[in-house]
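Have the structure open while you read.

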Amino acid sequence: MRKVVISGSSKLQNKVNYWIDYFKSKNYEILDYPKLIEQENYMTELPIVYKDFYTALENTDVFFLMNEEKNGIKGYIGASAIAELTYVVILNLIHNKNIEIYILNMPSEEVSSYDEVKFWLDKGWIKLYDNK
């Protein structure tokens, strides 16, 4: 069974749940995905969430960035998601991992990481996801 990590905004839980169900229906094991942390637990839980998520990134076959529209920005990629995407690109480049890396949408030029993501797409290091 292939393993997938889903990345993206934890504030889009309806989209997170859609993609969890989607990948389960394709017989993927979901290693991790964006989770909401209650504000009162944020400072104690965040380091644990980070550690678990990055450990999952090291053990996945597929990285999927669900960069859905957020705040009116198509292909939104936030700070945490670009960090995760960068980490997986580096795992492939430096540690000879062979993680398939997909993003759902081409990011808007409004996204601060647009140039890097476009470069990685042009180099073939990441791919746009085609769920057809």
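Phe119 sits in helix H4 (residues 114-123); helices here are DSSP runs of H or I with at least four residues, strands are runs of E with at least two, and both are numbered from the N terminus. This is a predicted model, where local features need pLDDT of at least 70, side-chain atom pairs count only at pLDDT 80 or more, and totals for chains, interfaces and linings use all residues. Residues are numbered from 1 along each chain as its sequence is written, and side-chain values use heavy atoms, with hydrogens and water left out.

Two residues make a handy pair (buried is under 20% relative accessible area, exposed over 50%, partly exposed in between, with a 1.4 Å probe and protein chains only):

| Residue | Relative accessible area | Class |
|---|---|---|
| Phe119 | 44% | partly exposed |
| Asp32 | 5% | buried |

Asp32 belongs to strand S2. Leaving out residues up to four places away in sequence, Asp32 touches Val4, Val5, Ile6, Asp52, Phe53 and Ala56 (contact means heavy atoms within 4.5 Å).

Now for H2. Leu46, Phe53, Ala56 and Leu57 are its buried residues. They cover an arc of only 100° around the axis, so they lie on the same side of H2; the arc is taken from the directions from the helix axis to the C-beta atoms. Over on the other side of H2, Thr44, Ile48 and Lys51 are exposed. The cover over the buried residues of H2 includes strand S1 (3-7), strand S2 (29-32), strand S3 (62-65) and helix H3 (79-94).
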